[in-house]
Amino acid sequence: MKISSRIQKAYEEARVLPLREHGRYVFFSDCHRGYGGWNDNFAANQNVCFTAMNYYYDRGFTYVELGDGDELWENKRQRRIIETHSHVFWMLRRFYRDGRLIMLWGNHDNKKRKEKFVRKNYASFWNECSRQEEELFPKLKVEEAVRLQSACYPELFLLHGHQGDLLNDYLYPLAAFLVRYLWRPLERWGIRDPTRPAYNYRRCERGERRFRSFAEKNGIIVVCGHTHRPVFMKPGEGGYFNDGSMVHPRCITAIELSDGELCLVKWAVCSKRDGTLHVCRTVLDGPVALSDYFSN
Ligand SMILES: [Mn+2]
């Protein structure tokens, strides 16, 4: 199957959900949550992430995770990841219980496409605070792609983004093998995996072009993750957006949709003049009105 038809297939099979007119959504992806060790790229940002999640929860946002939430290529046991980052999962459960959690799978956590895996690993978790096994996401369905539709805005097509990338889609068992047995040991010595779009500029650009033209052809907005490179296109430039990742060296990035406006934001640890540290949110791009895209 050609890559363009792979994207088309994900689009046709995507779950359609209503986009609430004054609804608030935050798009995160590529958290790559691991076991908390030296190769857990998420661990360094967990406090920043937890603060951001609280902020969005309190303001009524729907939390949308666009894939690669858990790093299941390097780590085999999902339950151990949940134990390590139990505070993050406790927070995700609050969104879930309010009906404000949408979760997609990416290439690093494509095991979640199987319902059996999700039931086995996501149904319950060990709550550190209450010291007991508790319900987590008993009925969650992890989607490949979602389309948010409304009467007043262009449609939003959400997917992880590996669908535009041959090695990470069809050949994922090979890519996963290389990550676990070759690139992961080499990462320790400072050698980076050249096949990861996050580290490979040309691969990354090729994927971006594909999604950009898909957006244009269909008159929709595409929101992805996968490349770890934030992209925020202005009206007239195209309809492709990328929320970046949660594993940047000193920050996490996200895309917010609030009252029909899109924003690219960054959360990081900032210092005040007196030397105290706090977690701060910075707007990197936008806000731009959704209705300004594809309206002529
Ligand atoms: Mn990915």
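Q: How far apart are the end C-alpha atoms of helix 4?
A: In this predicted model, they are 16 Å apart. Helix 4 runs over residues 86-97, so at 1.5 Å a residue its 12 residues should span 16 Å, which agrees.

Q: Which residues in helix 4 are buried?
A: Ser86, Val88, Phe89, Met91, Leu92, Arg93, Phe95 and Tyr96 are buried.

Q: And what follows helix 4?
A: Gly99 does, with a positive phi near 70 degrees.

Q: Where does Gly99 sit relative to the second largest pocket?
A: Gly99 is among the lining residues closest to the pocket's centre, along with Arg15, Leu17, Leu101 and Ile102. The lining has 18 residues, and the pocket holds about 310 Å³ of space.

Q: Which strands supply at least two residues each of that lining?
A: Strand 1 (15-18), strand 4 and strand 7 (145-149) do.

Q: How many of the lining residues are nonpolar, polar or charged?
A: The lining has 10 nonpolar, 2 polar and 6 charged residues.

Q: New topic. Which residues are the protein donors of the manganese ion?
A: Asp68 (OD), Asn107 (OD1), His160 (NE2) and His226 (ND1), at 2.1 to 2.3 Å from the ion. Their spacing in sequence is D-x38-N-x52-H-x65-H.

Q: Which parts does the pair Asn107 and His160 tie together?
A: Asn107 lies in the loop between strand 4 (101-104) and helix 5 (115-122), and His160 in the loop between strand 8 (156-159) and helix 6 (166-169), so the pair ties together parts that are 53 residues apart in sequence.

Q: Is Asn107 buried or exposed? And His160, buried or exposed?
A: Asn107 is buried, at 0% relative accessible area. His160 is buried, with a value of 0%.

Definitions and conventions:
Residues are numbered from 1 along each chain as its sequence is written. This is a predicted model: local features need pLDDT of at least 70, side-chain atom pairs count only at pLDDT 80 or more; totals for chains, interfaces and linings use all residues. Side-chain values use heavy atoms; hydrogens and water are left out. Helices (H or I, at least four residues) and strands (E, at least two) are DSSP runs, numbered from the N terminus. The expected span of a helix is 1.5 Å times one less than its number of residues. Buried means under 20% relative accessible area, exposed over 50%, partly exposed in between (1.4 Å probe, protein chains only). Donors are N, O and S atoms within 2.8 Å of the metal (3.2 Å for Na, K and Ca); water is not among the atoms, so sites may look incomplete. On a 1 Å grid over the protein atoms alone, a cavity is a set of points where a 1.4 Å probe fits but cannot get out, and a pocket is an open set with protein on both sides within 12 Å along at least five of seven lines; lining residues have an atom within 4 Å of a point. Grid points are joined across faces, edges and corners, and a volume is the space filled by probe spheres set on the points. Ala, Val, Leu, Ile, Met, Phe, Trp, Tyr, Cys and Pro count as nonpolar, Asp, Glu, Lys and Arg as charged, and the others, Gly among them, as polar.
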